[in-house]
Amino acid sequence: MDQEHTQVVTFARNMDVALETRLHWLELVGGFEIGRRHVVGRSGANIGRTAPSEIILADSEVSRNHCRLAIEGDELMVTDLNSTNGTFVDGVRVRQPTPIPVGAVLQVGRQSLKHEWRTEREAMQSEELDRDLAKANSYVQALLPPPCPDGPIRADWIFRPCAKLGGDAFGYGVISDSKFGVYLLDVSGHGAAAAMHSVAVMNLLKQRAFLPNTDLAQPAQLLATLNSLFPMESNAGMYFTMWYGVYDTVSRRLDFASAGHHPAYLLPADRSSLTPLRTRNGLIGAAPETLYRADSITISPGASLYLFSDGVFEIVTIDGVQWGLQDFLPHVLSTPVEGLNEAGRLLREVSRLARPGGLDDDFSLVVLTFE
């Protein structure tokens, strides 16, 4: 073929895609069954808790017949059907038939649905990618330690990546007869690249033999080793922050060091105050030959350690307020909720206060309680 024919074939292919029928899709980005998609046809659809609604959301805060979706021209419109808890578009309550712009978030009860306008081919390609990401996410989840509801050191956690794959990772476990280690790291960026970088670090920490001349019971030494093994220039410019601690079950001393990470927090059994645990060290991978230092603290019986990524507190609230660390900490001090572990309680609280559409960053939180 000459150049002219090549141009004709390419143009025809683009025309073929352009002529495909575009459909209005609603993807669950917050609430139950995240990632599930619903197509809204020309006849419209009702959203409700039970049939005969076409889109059923099994949520006690969704009314039986909650709202009506209709297509007017190329616009997707929503009308609230006198629901108990209201219908919202990008956080604004619907009082009359209201357009849902492409990219906007429809909130119904505790469910957030993002409006997309795609061809069937694009939707199928997206679903195929989602399946691949789900498999990769299952692999990452398999590397995380199981919760420990009983024993002298109890552990519970929450891991919610914001982009189906996240750059957060954490782990804990016995190092020796009297030493127990815990860490959390946060890789720059999101998606598959960040997730694979965090997986590489997790696997290395599991295979202790591949950490040369490093005592895992020495936090500063471990951070220095990781800094030398994961330079940015050899890892597509990625770096990570990290917090690492080692608890001595005999002396009750916790040795810890952080690398560019905000503090972990120690909460006594009476929940009276939070003690920040942090050492000011450089990021992992940012600069070679960085010197790392550690610190230590004695753990009182019944105290809990809260270790988390910045996605836990860097949210925008329903009122449009950008949170910082100090906005989150009072919620750690709040009274526990019966039937919920601490990690689950804090995820529920943050999700309740955040604007609709899901959290903007990975949510990773580990809580250790020392008897």
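How many aromatic pairs does the count come to? The points below take up this question after the basis of the model and its overall make-up.

1. Basis. This is a predicted model, in which local features need pLDDT of at least 70 and side-chain atom pairs count only at pLDDT 80 or more, while totals for chains, interfaces and linings use all residues. Residues are numbered from 1 along each chain as its sequence is written, and side-chain values use heavy atoms, with hydrogens and water left out.

2. Overall make-up. Six helices and 21 strands are found in the protein chain; helices (H or I, at least four residues) and strands (E, at least two) are DSSP runs, numbered from the N terminus. Of the 371 residues, 48% are buried, where buried means under 20% relative accessible area with a 1.4 Å probe, protein chains only. The accessible surface is about 18,300 Å², and carbon and sulfur atoms account for 53% of it; the areas come from the Shrake-Rupley method with a 1.4 Å probe.

3. Contacts along the chain. Where residues at least 6 apart in sequence are in contact (heavy atoms within 4.5 Å), 58% of these contacts join residues at least 24 apart.

4. The six-stranded sheet. An open sheet runs in the order β2-β1-β11-β10-β7-β8 with antiparallel pairing; two strands pair if DSSP finds at least two bridges between them. Because β2 (37-40) and β8 (92-93) each have a single partner strand, they stand at the edges, and one side of each has no neighbour in the sheet. Four antiparallel bridges join β1 (residues 22-30) to β2, and Glu-27 has Arg-37 in β2 as its bridge partner.

5. Aromatic pairs. The count comes to nine. Rings of Phe, Tyr and Trp (its six-membered ring) pair if their centres lie within 6.5 Å; planes under 30 degrees apart count as stacked, over 60 as edge-to-face and the rest as tilted. Phe-159 and Phe-170 are edge-to-face, because their planes stand at 70 degrees, with ring centres 6.4 Å apart. Trp-243 lies in β15 (residues 240-248) and Phe-256 in β16 (residues 253-259), 13 residues apart; both are buried.

6. Further aromatic features. One aromatic cluster is formed by Tyr-265, Phe-308, Phe-313 and Phe-328. Arg-22 lies over the face of Trp-117, 5.7 Å from the ring centre; the rule requires NZ of Lys or CZ of Arg within 6 Å of the ring centre and within 35 degrees of the ring normal.

Key
Buried < 20%, exposed > 50% of the residue type's maximum accessible area, 1.4 Å probe, protein only.
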